[in-house]
Amino acid sequence: MSVEVAREAAWPRVRPRRRVPGWLWATPVYAFLLLFVVYPLIRLLAEAVTDEAGRLSLTYLAQFAGDPFYRKALVNSLWVAGGTVLGCLALGLPAAFLLVRYDFPGRELWSYLTVLPIVMPPLVGIMGLVFVLGRAGTVNVLLMDYLGLARPVNFLYGWHGVLLAMVLHYFPLVTLNVVDALTKVDASLEEAAEAMGSRGLRRVRDITLPLLTPGLVSGATLVFILSFADFATPLVVGMQDLLAAQAYLNIVQFVDRRLFRMGLVVGALMSLLAIGFLLVARRAVAMREYAVVSYRAVERRPLRGAWRLIAPALFATALGLAFLPHLGLLLAAFGKAWSLTPLPTRFTLEHFDQVLHLTPTYVVNSLRWGAVAVALILVLGVSIGWMLARTSLPGRELVDSVVTLVLALPGTAVGIAYLRAFHAPLAGITLTRSWFVMPLVLAVRRMPYTVRATFASLLTVHPAMEEAAASVGASSLRTFLDVSLPLIWRGVVAGALFSLLFALQEAAATILLVLPGWETITVGIFTFYTSGTFGQAAALGVVLVTLSAAILYAIYRLTGARLGGLFGSGGG
Amino acid sequence: MRRARPWWILALLTVAAVGALLPAWPSRAQQPIENRLVIITPVARTVTEPTVAAFREFARRRYNVDVQVTVVSAGTPVAYGRIREWGGRPEADIFWGGEPALFDDLAERKLLAPVELPESVLREIPASIGTPKPVLLKDPRGFWVGCCLTPYGLVYHPRLLRRVGLQTLREWDDLLDCRLKGQIAQATPDRSSSNHATYEVILQLYGWQKGWEWAQRLGANTGIFVARSRDVPTVVAKGEFAVGFAVPAYMAFEDLLSGYELRYVHPTAAFVTPEPLAVLAGARNPRAAREFIQFALSEEGQKTMMARGQYGISPKYRMEGPPGSPLARMAEFTGIKSFFEKPVRNVYDDDVAQKRYSEVNEVFRKLIVERHGELKRRFCP
């Protein structure tokens with residue numbers, strides 16, 4: 001009896017399998033990232049140093065640097081982003097501490113509600129805010145009509161308004177990231193510190209804060225990058241001397257070719273800066289290797305006495321402010337010819353009839369592109385997540401960086417980059433003329449959430465389980481489907497839903513790329529708003545917020561509120 | 001069973017994705033006119049939608065073709081820019097509205113195809129209106145034809161105006177009253193071709209030096225620089241700001257019809273545009289495009305647009321109707337029944353404007369936008 005036959009008899013099902021070499025299935029992933037992230041980005045950067053005739057030229061760069069207007073815009077943008085971060089920390093940090101460490105009436109509800117303000121495109125948020133806090137908004141009309149104020153209070157038009165709107169919009173990002181970090185702080189560490197005499201604020205400084213750093217930094221970086229790239233909020237309140245606003249305004253007008261070129265320069269510069277911020281943030285959390293594998297959560301303490309009332313009151317105030325845009329949106333969606341009265345005087349369903357029944361294109365397209373994007377994201381995102389967590393393929397680190405980079409790139413810059421990069425036929429297809437560019441750009445921009453979710457979920461599955469499967473002869477695909485997938489599907493689905501949620505919100509890249517018949521909800525809001533029909537814009541806004549809240553609720557149920565990690569901008 | 005699950009989930013997803021995409025492929029068939037039409041236009045949806053609906057009805061009646069019409073709303077500069085970017089392989093068939101100068105520019109770049117209208121239709125449209133400078137109503141070379149007349153001007157919120165102590169506005173100079181400090185909304189001329197035209201009117205009316213001084217004083221009263229000119233009637237109707245430059249047929253009139261209080265003023269020599277219609281060179285649906293243009297110029301088309309605040313392109317049509325009808329309300333709103341009865345004053349010279357297009361934008365930014373704070377302190381402390 002030969003050895004082979006003996007083996008066959010002993011382990012009937014175990015056959016040495018020919019493994020697919022890793023690089024073979026990784027190649028499409030690399031190719032995708034190269035073609036749809038790296039290439040457009042390089043193209044955009046190259047455009048900044050090219051003139052109209054396509055020759056290398058530093059003219060426009062020099063014009064940018066030599067123009068005090070653009071220099072001021074750069075400084076203003078940095079100030080606004082920095083200010084927003086500080087505001088978000090001031091609001092988001094205490095909120096996170098209260099939610100994780102203390103128990104008080106309505107804690108669960110507050111923790112869900114805290115996330116909601118973020119699921120709204122900035123344009124919709126500021127539009128809603130104007131209805132309530134604008135010069136003719138509810139508050140001012142009340143002040144003028146009933147308290148005899150001669151002039152409206154300027155809540156919004158100016159830097160303070162930009163900061164207010166952005167802080168109210170973005171602070172949940174800080175809360176989420178800190179909540180995530182805070183829940184992972186091992187109780188025994190704090191107890192040990194206490195035993196050594198480190199109490200109160202000292203303990204916070206010695207133990208809690210250092211452990212929070214990664215969460216804080218990734219939350220703050222994200223807020224910084226997003227507020228730096230937000231063009232809609234400043235534009236609505238009339239502040240145009242910011243980089244994001246200039247990039248957008250210069251690109252969407254084409255009459256003046258010089259301005260158009262300046263738009264390209266600004267877009268390229270914003271991308272470079274975003275990459276810079278990311279590198280700085282990464283350095284700051286480079287020592288985050290104290291990742292906790294198993295931890296015993298610090299127990300929640302019930303709040304006592306007056307604090308039992310103060311904590312919910314604080315949340316009610318902060319969220320009350322953060323939900324003002326939603327209130328304004330609702331009123332405007334149902335109101336008719338609302339002007340200079342505290343509330344609309346007449347109500348109507350016309351606006352909803354218009355956007356849901358007469359022209360449902362926007363909603364249909366949003367769902368259609370969203371579905372295709374999610375399908376793409378699932379294939380790519382799960383592969384990349386797996387690659388990062390389980391393989392030692394070459395270029396893994398680079399892939400990770402590229403995925404993180406995607407999160408940081410301003411949507412306007414991505415839109416511009418795609419316009420310039422895929423404007424000429426590529427293998428016979430002119431991408432900017434094919435509907436596929438819509439789901440594609442959504443997939444690229446929102447894939448990181450799924451990658452991160454897959455990666456994080458895989459970390460919780462010990463490789464030993466997969467090894468066990470492999471040792472009894474399962475192929476790697478079989479192992480993945482039978483062992484890993486059942487264990488991680490919740491995380492993956494939550495990540496995919498997150499990608500969908502933010503794909504629905506996308507309003508920067510798509511506005512630049514959209515062609516007739518491809519309009520999404522956000523493009524529709526933009527079109528209605530710019531053609532003066534607030535009512536319809538607001539009605540679409542309400543549809544979008546409702547859809548988003550439903551998706552968010554599904555995620556919340558799937559993951560049990562541990563959303564923070566998905567928003568992070570730090571590596572994996 | 002359990003093993004197979006991921007596969008059928010994947011299969012289901014694929015089917016769903018394919019199903020979602022199928023309607024994205026257009027179908028085409030040979031018919032007297034194409035069954036697709038794409039219009040890129042700055043004209044307000046309130047004008048385009050009823051016109052398109054009437055056209056579809058007409059095409060069904062006349063040719064038994066159900067034309068799928070897509071209207072791409074884009075400001076004039078954006079529409080112009082997109083057409084240039086498409087470079088002869090356009091994603092739209094018709095460019096409609098805005099200033100004739102941009103159409104001339106596109107024609108020169110060979111991006112427009114001749115309109116090819118029957119002589120009987122063209123004959124009804126006068127060559128021009130206005131003195132001392134004529135405003136052409138159709139292109140002598142035949143690359144565009146005006147659809148209708150639209151005056152530019154000012155809109156204001158009467159209640160808000162009274163609040164600051166003013167009764168009414170009549171002329172350009174009324175805007176410089178310091179009581180209007182912070183109450184003016186305007187788009188910068190580099191963002192809006194209609195505002196660019198209005199500033200050219202001011203510069204050509206008052207002269208370069210005095211014109212810029214006027215613009216600076218207006219800057220001192222400006223509360224907000226909005227991103228697009230069409231935001232102006234929007235913020236004025238809502239009552240956020242009291243006054244602004246506006247095109248009444250682009251939203252202001254519609255705001256009025258939907259119940260907002262708004263007033264329109266047509267100051268001296270304010271710009272009037274014929275809202276050109278043109279077929280793009282290389283359009284995919286040229287026959288449907290020409291049919292649409294001919295329809296817009298027919299009595300049915302003209303009446304439809306007039307009900308939405310656009311003036312007819314021929315002396316045949318007057319803004320008149322029974323009291324309370326849209327036509328009567330528009331005439332009351334603007335104080336104008338026809339542009340063919342009284343002489344129209346026009347000083348706008350397009351050659352002058354085109355030569356210094358970038359310069360005006362640049363000077364405006366340097367003199368007004370960058371010095372906004374200083375101007376406020378200097379003119380209306």
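Predicted model: local features only at pLDDT ≥ 70, side-chain atom pairs only at ≥ 80, totals over all residues.
- Strand β16 covers residues 276-280 of chain B, and because five of its five residues are buried, the strand is largely enclosed by the rest of the structure.
- In a regular strand the side chains alternate between the two faces of the sheet.
- In β16(B) both faces are covered, with Pro276(B), Ala278(B) and Leu280(B) buried on one side, and Leu277(B) and Val279(B) buried on the other.
- Strand β3, which holds residues 94-96 of chain B, pairs with β16(B) in the antiparallel sense over three bridges, and here Trp96(B) has Leu277(B) as its bridge partner.
- Strand β4, made of residues 112-113 of chain B, is also antiparallel to β16(B) and is joined to β16(B) by two bridges, with Leu112(B) standing opposite Leu280(B).
- Strand β8, residues 145-146 of chain B, pairs with β16(B) over two bridges in the antiparallel sense, and Gly146(B) has Pro276(B) as its bridge partner.

**The three-stranded sheet of chain B**

- Three strands of chain B form an open, antiparallel sheet in the order β15-β9-β17.
- The strands β15 (272-273) and β17 (311-312) of chain B stand at the edges and each has a single partner strand, so one side of each is left without a neighbour in the sheet.
- Strand β9, residues 148-151 of chain B, pairs with β15(B) over two bridges in the antiparallel sense, and Thr150(B) stands opposite Thr273(B).

**The five-stranded sheet of chain B**

- Five strands of chain B form an open sheet with mixed pairing, in the order β12-β11-β13-β10-β14.
- Its edge strands are β12 (222-226) and β14 (263-265) of chain B, each of which pairs on one side only, and neighbouring strands of this sheet are turned by 30° against each other on average, direction ignored.
- Strand β11, residues 184-187 of chain B, runs parallel to β12(B) and is joined to β12(B) by four bridges, where Ala187(B) has Val226(B) as its bridge partner.
- Helix α10 of chain B, residues 248-257, lies across β10 (153-156), β13 (243-246) and β14 of chain B, and runs at about 25° to β10(B).

**The two domains of chain B**

- The domain assignment divides chain B into domain 1 (36-150 + 273-329) and domain 2 (153-270 + 349-379), and the C-alpha centres of these two domains lie 27 Å apart.
- The contact between them takes 17 residues from domain 1 of chain B and 17 residues from domain 2 of chain B.

**Contact between chains A and B**

- Across the boundary between the chains, 37 residues of chain A are in contact with 51 residues of chain B.
- The helices α12 (243-252), α13 (257-284), α17 (361-390), α22 (476-505) and α24 (521-530) of chain A each supply at least two residues of the side of chain A that touches chain B, and α17(A) gives the most, with four residues.
- By class, this side of chain A has 20 nonpolar, ten polar and seven charged residues.

**A helix pair in chain A**

- Helix α9 (residues 187-195) and helix α10 (residues 200-229) of chain A pack at an angle of about 145°, with their axes 10 Å apart, and their crossing is right-handed.
- In this pair, Leu189(A), Glu190(A), Ala193(A) and Glu194(A) of α9(A) meet Arg203(A), Asp206(A), Ile207(A) and Thr208(A) of α10(A), and by class the contact has three nonpolar, one polar and four charged residues.

Terms used
Residues numbered from 1 in each chain as written. Chains lettered and ligands numbered in written order. Contact = placed C-beta atoms within 7 Å. Nonpolar A, V, L, I, M, F, W, Y, C, P; charged D, E, K, R; others polar. Domains from an automatic or database assignment. Pairing = 2+ DSSP bridges. Buried ≥ 20, exposed ≤ 12 C-beta atoms within 10 Å, placed from the backbone. Axes fitted to C-alpha atoms, helices over the stretch in contact; angles between N-to-C directions. Left-handed = near helix turned anticlockwise from the far one by under 90°.
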